[in-house]
Amino acid sequence: MTATEQRVMTLQLKVIFRPARRDDLPKLEWHGEYTHFRRVFARAYEEQMQGKRLMLLADVNNFPIGQVFVQLANTEDIFSFANRRAYLYSLRVMDAFRGQGIGTALLQEAERILSEHGYTSMSIAAAKDNPSARRLYERLGFEVTTEDSGHWNYVDHEGRTRHVVEPCWILEKQLRGNPPPPAQRKRGR
Ligand SMILES: CC(C)(COP(=O)(O)OP(=O)(O)OC[C@H]1O[C@@H](n2cnc3c(N)ncnc32)[C@H](O)[C@@H]1OP(=O)(O)O)[C@@H](O)C(=O)NCCC(=O)NCCS
């Protein structure tokens, strides 16, 4: 081997798509990149425990290399089967793992879970300065329904309120989910 030749290994990775566990919370900070969302993650996890949110992860070797969070209902009664709409947000995949279908698989897995639970639609926001995210969503069947000025607040890990402005498109996809049978609905409550 000459000095200019490089050794190459091709890896086959097992990616597991699963809901977050409590011990994932520090790992979701991605070694400092998302430390400012510590409280946001903790709150989302509490709401997952209450059945209001889903934190779906792409796990490689017990580390979350990708994620999409799902707000399960925006109606008062989350068990109302009349208007079962879900909102997907915080989709991200670690740089080194992008362009290999993991973002697509996360969205497809969220869709499968929502359809199975009788959800009738799911929506997601694409920042206007992120055309590749919009392309990804449209390829998966989402359609732009409206736009939003994208103002939102969160409290960071040091207790400071941070204001974010991210003008975005809102895209929606209709699902053909069927409500689960009555017995299962009762158990869900
Ligand atoms: C948006 C994001 C989640 C996409 O994740 P990803 O894992 O790269 O997504 P995919 O691999 O499924 O699709 C991305 C591209 O890879 C291509 N691709 C999909 N499967 C592939 C495969 N098996 N092999 C090669 N390329 C593939 C897709 O065609 C797509 O191409 P496009 O950019 O021309 O549309 C990721 O880029 C990200 O985390 N970005 C930063 C955060 C962000 O912008 N989130 C969205 C908020 S609006």
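Leaving aside neighbours within four places in sequence, Leu 88 is in contact with Val 68, Val 70, Ala 110, Met 122 and Ile 124. Two residues count as in contact if their C-beta atoms, placed from the backbone, lie within 7 Å. The model is predicted: local features need pLDDT of at least 70, side-chain atom pairs count only at pLDDT 80 or more, and totals for chains, interfaces and linings use all residues. Residues are numbered from 1 along each chain as its sequence is written.

Leu 88 also belongs to the largest nonpolar core, which has 34 residues. Such a core is a set of buried Ala, Val, Leu, Ile, Met, Phe, Trp, Tyr and Cys residues joined through C-beta atoms within 7 Å. A residue is buried if 20 or more other C-beta atoms lie within 10 Å of its own, exposed if 12 or fewer, and partly exposed in between, with C-beta atoms placed from the backbone. The core members that touch the most other members are Met 55, Leu 56, Val 68, Val 70, Leu 88, Ala 110 and Ile 124. At least two residues of this core come from each of α1 (38–49), β2 (53–60), β3 (63–71), β4, α2, β5 and β9 (168–174). The largest share, five residues, is that of β2. In soluble globular proteins, nonpolar side chains tend to be buried together.

Helices (H or I, at least four residues) and strands (E, at least two) are DSSP runs, numbered from the N terminus. The chain has four helices and nine strands, and along the sequence they follow the pattern β-α-β-β-β-α-β-α-β-β-β-β-α. Of the 189 residues in the chain, 24% are buried. Among contacts with a separation of 6 or more, 62% join residues 24 or more positions apart.

The helix α1 has 12 residues, which at 1.5 Å a residue should span 16 Å; its end C-alpha atoms are 17 Å apart, which agrees. The expected span is 1.5 Å times one less than the number of residues. Phe 41, Ala 44, Tyr 45 and Gln 48 are the buried residues of α1. Seen down the axis of α1, these fall within an arc of 100°, so they line one face of the helix. The arc is that of the directions from the helix axis to the C-beta atoms. Their cover includes β1 (16–19), β2 and β3. On the other side of α1, Glu 46 and Met 49 are exposed. Just after α1, Gly 51 takes a positive phi of about 80°.

The loop between β2 and β3 holds Asn 61 and Asn 62. Asn 61 has a positive phi of about 55° although it is not a glycine, and Asn 62 has a positive phi of about 70°, again without being a glycine. Most residues other than glycine have a negative phi. Asn 61 counts as exposed because it has 9 C-beta neighbours inside 10 Å. Asn 62 is exposed too, with 10 other C-beta atoms within 10 Å.

For α2 (102–116), 15 residues at 1.5 Å each should span 21 Å, and the end C-alpha atoms are 21 Å apart, which agrees. The buried residues of α2 are Gly 103, Leu 106, Leu 107, Ala 110, Glu 111 and Leu 114. They cover an arc of only 135° around the axis, which puts them on the same side of α2. These buried residues pack against β1, β2, β3, β4, β5 and α3. Just after α2, Gly 118 takes a positive phi of about 80°.

The ligand is surrounded by 17 residues, of which the closest are Arg 92, Arg 98, Gly 101, Gly 103 and Thr 104. A residue is near a molecule if its C-beta atom, placed from the backbone, lies within 6 Å of it. At least two residues of this shell come from each of β4 (85–93), α2, β5 (121–127) and α3 (131–139). The largest share, four residues, is supplied by α3. By class, the shell has seven nonpolar, seven polar and three charged residues. Here Ala, Val, Leu, Ile, Met, Phe, Trp, Tyr, Cys and Pro count as nonpolar, Asp, Glu, Lys and Arg as charged, and the others, Gly among them, as polar.

Strand β7 (residues 151–155) contains Asn 153. Asn 153 is exposed, with 8 other C-beta atoms within 10 Å. Not counting residues up to four places away in sequence, Asn 153 touches Thr 161, Arg 162 and His 163.
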